[in-house]
Structures are given as C-alpha cells and as structure tokens.
Amino acid sequence: QGAPDTTTLVADYQTAGKGRAGRNWHSPAACNLLLSQVFQAPYECLPLVTMAGALAVRATVDEFLPPGIHCGIKWPNDLQVMGQKVAGILAEVEDLPSPAAILGLGINLNTTASQFPDDLRRPAASLRMLGGNRIDRSDFLGALLGHLDQVRKDWLWSPRKLVADFSRHCLSLDRWVQVHLPGQAPFRAKTCAINPQGILLVEDESGTIIPVAAGDVDPLE
C-alpha cells in the first residue's frame, strides 16, 4: 500500500502464518519473532531479497547460540542448527505502487518442544531449546535489524558478494539431494553451486547441469 523502504512490522502472533508453497507457519503467542520488512528496488534486485534475509537471520542467531554451535542456511530459505529448523523466510513481490518485496521472517526463539505441531515437515527447534535460556525478543530484534541494515548494502551494491557469503554458509552445497521441482517427478542429483542470480545448480546422474530456481532440495546423506 505504498509503505516506504525499510518499513518494518513485528507481530506478537499470527492467525494465518504461512511459508513457501502455501505451507503453514506455526508460532504461539508471545514466544518468537515474526517480522516483515519492505525492500523497494528495481525488479532485477528483488530475487536476492531472500538471500539477504537469510544472511541477516543467520548472523543474528549465531550471536544468541552457545559457543561452538553455529547456524547454517538450507537453500533456499531455512535456517538450521544441528539439523533442526530454527527459522524460515518468505519474500513476496508486489508491483504497486512501485516494485518491492516484503521479506517475512519467522524465528523460533522461545517455543518449547511440546508447543511444536506433531506434523512438521522437518524437525524444528527454538534457540531456547538449543541453548537452555529464554531469549529476550527485543534484544534479538535489535540485533537482527542491525544485520538487515548491513546486508542491504551488499544486496544493492555488491550482489556477487551477497551470493558468495550465502554460498559460504549454505548447508546444501556439494551434497547428494532429492530435487522436487514443481510439476515434475523428483530426481537424485548433486548440488554444485549457486549462480549470481541466486539459482541453485545441480548435476543429475547423467551429468546434466540443471538450474533450480524454485522447489525443494532434500539431503540424501
């Protein structure tokens, strides 16, 4: 509706939280951080907004984890710690009144194990479960906003650096995976690289390089 660039909204809870492909995002009230931020830019910049958000969340999560435990990124939009999902990202593009993406972030800060639904597609955890301490949502928000400001600079002016940083923290590279593309049968492939446009490149068992712009990539190892 014309909100200016960097406009940020934080919700205490959601009544219809969602993730990629229409999946539900579950978050009890007063537990976690649910944030949306406006990224206004030409269309060619918008595909990398998800990467920018992932890098900002990853850096912030690392600050709140115990020493020796680190957060990684599962392409394209999951944040994982020790194989468990701690955050998800969804960027949605709008074109009126000007091109923009709304970056949605959901970070599991204080959810307990009993509060997670039984039918989760992937194992999930919260920072409280991993570190043993309740996370102050205001402290986490302040740190996250600082990291979002930092990654915005690379997003606009050094997109190749942004992709390189994402690749460095990506858990999905150089692994055998099951690729699920929309409307196609899943196939086995090995992940190779992420190109400058943020598209994942995989090599199938016949040696063909296939670009994966959208879909799910699940590790086989």
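Is Cys71 buried or exposed? With a relative accessible area of 5%, Cys71 is buried (buried means under 20% relative accessible area, exposed over 50%, and partly exposed in between, using a 1.4 Å probe and protein chains only). A word on the ground rules: this is a predicted model, where local features need pLDDT of at least 70 and side-chain atom pairs count only at pLDDT 80 or more, while totals for chains, interfaces and linings use all residues. Residues are numbered from 1 along each chain as its sequence is written, and side-chain values use heavy atoms, with hydrogens and water left out.

On to the cysteines. A disulfide is a covalent bond between the sulfur atoms of two cysteines, scored here as a pair of cysteine sulfur atoms within 2.5 Å. By that rule the count is 0 disulfides. Cys31 is in none, and the nearest cysteine sulfur, that of Cys71, sits 19 Å away. Cys31 counts as buried too, at 8% relative accessibility. For Cys71, the closest cysteine sulfur is in Cys170, and at 12 Å that is too far for a bond.

Next comes the sheet. Strands (E, at least two residues) and helices (H or I, at least four) are DSSP runs numbered from the N terminus, and two strands pair if DSSP finds at least two bridges between them. Five strands make an open sheet in the order E10-E9-E8-E7-E11, with antiparallel pairing. Strands E10 (209–212) and E11 (216–219) are the edges, each pairing on one side only. From one strand to the next, the twist averages 45 degrees (axes are lines fitted to C-alpha atoms, for helices over the stretch in contact, and angles run from 0 to 180 degrees between N-to-C directions).

Strand E7 (residues 176–180) is joined by 4 bridges to E11 and by 4 bridges to E8. Gln178 stands opposite Asp218 in E11 and opposite Arg188 in E8. E7 and E8 form a hairpin with 6 residues between them, and Gly183 in the turn has a positive phi of about 75 degrees. E8 is linked to strand E9 (residues 200–204) by 5 bridges, with Ala189 opposite Asp204. That hairpin has 5 residues between its strands, and Gly198 takes a positive phi near 85 degrees.

Finally, helix H4 (residues 159–168) has Leu162, Val163, Asp165 and Phe166 buried. Seen down the axis, these buried residues fall within an arc of 160 degrees, so they line one face of H4 (the arc is that of the directions from the helix axis to the C-beta atoms). Arg160 and Arg168, on the other side, are exposed. The buried residues pack against helices H1 (49–64) and H3 (137–157) and strands E3 (72–74) and E8 (187–194), contact meaning heavy atoms within 4.5 Å.
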